[in-house]
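Dear colleague,

Please find the structure below, handed over for your records. The findings follow it.

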Amino acid sequence: MAVINLRRYYPHYPKDKFIDVPDDVADELEEGRRIENRQNSRRTYYHVYSIDQSPAIENHAMFLVLSPEELMIQAEDEANAELMLEHLTEAILLLSPIQARRLHARYALKKKFREIAAAEGVSGSCANESVTSAIKKMQKFFIKNGWMPKEA
């Protein structure tokens, strides 16, 4: 058994708290701490630029501040994206649980149809048809609510 200080691994502890843990747990905690420290040390970069040495770097500095028009456009784009997510949520709620699960696996998890089919024990064409029909159902819902133009 090893004695560890929880404060070393969990900074939210206000005081030192010592506990006994098996040696393998202590080793894993220490290894995780080392990995985290290595990753944090890699993220620290210091870049020094000289206007005299780097061509046209002064031009980049001028475009860091957005104009009022650009801020308004950015706010409008964010509002449109949020509204689109709400519409997508409504459309996904109309799908069957199987369709929603397969649609999520296909587009959110980036799985291929054969991977979805293997995980669910169905054929690849069945998974493909399910995702295709889910997309068509969502398109009809979007057209019905006027969120998407009708296809020609």
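The largest nonpolar core has 8 residues, namely Ala91, Leu95, Leu103, Val131, Ala134, Met138, Phe141 and Phe142. A nonpolar core here is a set of buried Ala, Val, Leu, Ile, Met, Phe, Trp, Tyr and Cys residues joined through side-chain atoms within 4.5 Å. Buried means under 20% relative accessible area, exposed over 50%, and partly exposed in between (1.4 Å probe, protein chains only). Helix H7 (residues 124-144) gives the most to this core, with 5 residues. Helices (H or I, at least four residues) and strands (E, at least two) are DSSP runs, numbered from the N terminus. Apart from this core lies another, of 6 residues, among them Ala2, Tyr9, Val21 and Ala26.

Please note that this is a predicted model, in which local features need pLDDT of at least 70 and side-chain atom pairs count only at pLDDT 80 or more, whereas totals for chains, interfaces and linings use all residues. Residues are numbered from 1 along each chain as its sequence is written, and side-chain values use heavy atoms, with hydrogens and water left out.

Overall composition

The chain has 7 helices and 2 strands, and from the N terminus on its elements run β-α-β-α-α-α-α-α-α. Buried residues make up 16% of the 152 residues in the chain. Among contacts (heavy atoms within 4.5 Å) between residues at least 6 apart in sequence, 37% join residues at least 24 apart.

Helix H7 and its partners

The axes of helix H5 (residues 97-108) and H7 come within 9 Å and cross at roughly 100°. That makes H5 roughly perpendicular to H7. On the H5 side the contact is made by Ile98, Gln99, Arg102, Leu103, Arg106 and Tyr107, and on the H7 side by Cys126, Ala127, Ser130, Val131, Ser133, Ala134, Ile135, Lys137 and Met138. Sorted by class, this contact of H5 with H7 has 9 nonpolar, 3 polar and 3 charged residues. For these classes, Ala, Val, Leu, Ile, Met, Phe, Trp, Tyr, Cys and Pro count as nonpolar, Asp, Glu, Lys and Arg as charged, and the others, Gly among them, as polar.

As to the angles, axes are lines fitted to C-alpha atoms, for helices over the stretch in contact, and angles run from 0 to 180 degrees between N-to-C directions. Angles under 35 degrees count as roughly parallel, over 145 as roughly antiparallel, 65 to 115 as roughly perpendicular and the rest as oblique.

Ser130 is found in helix H7. At 9% relative accessibility, Ser130 counts as buried. Not counting residues up to four places away in sequence, Ser130 touches Ile98, Gln99 and Arg102.

Helix H6 (residues 113-120) also meets H7: their axes come within 8 Å and cross at roughly 110°. That makes H6 roughly perpendicular to H7. Here Phe113, Ile116 and Ala117 of H6 meet Gly124, Ala127, Asn128 and Val131 of H7. By class, the contact of H6 with H7 has 5 nonpolar, 2 polar and no charged residues.

Aromatic pairs

The structure holds 2 aromatic pairs. In one, Phe141 and Trp147 are edge-to-face, at 5.4 Å centre to centre and 75° between the planes. In the other, the rings of Phe142 and Trp147 have their centres 5.4 Å apart and their planes at 80°, so this pair is edge-to-face. Rings of Phe, Tyr and Trp (its six-membered ring) pair if their centres lie within 6.5 Å; planes under 30 degrees apart count as stacked, over 60 as edge-to-face and the rest as tilted. Phe141, Phe142 and Trp147 form one aromatic cluster.

Around Ala91

Leaving aside its neighbours within four places in sequence, Ala91 is in contact with Met138, Phe141 and Phe142. Lys140 is found in helix H7 and counts as exposed at 62% relative accessibility. Leu93 lies in helix H4 (residues 68-94) and is exposed, with a relative accessible area of 68%. The C-alpha atoms of Leu93 and Met138, 45 residues apart along the chain, are separated by 9.7 Å.

With kind regards
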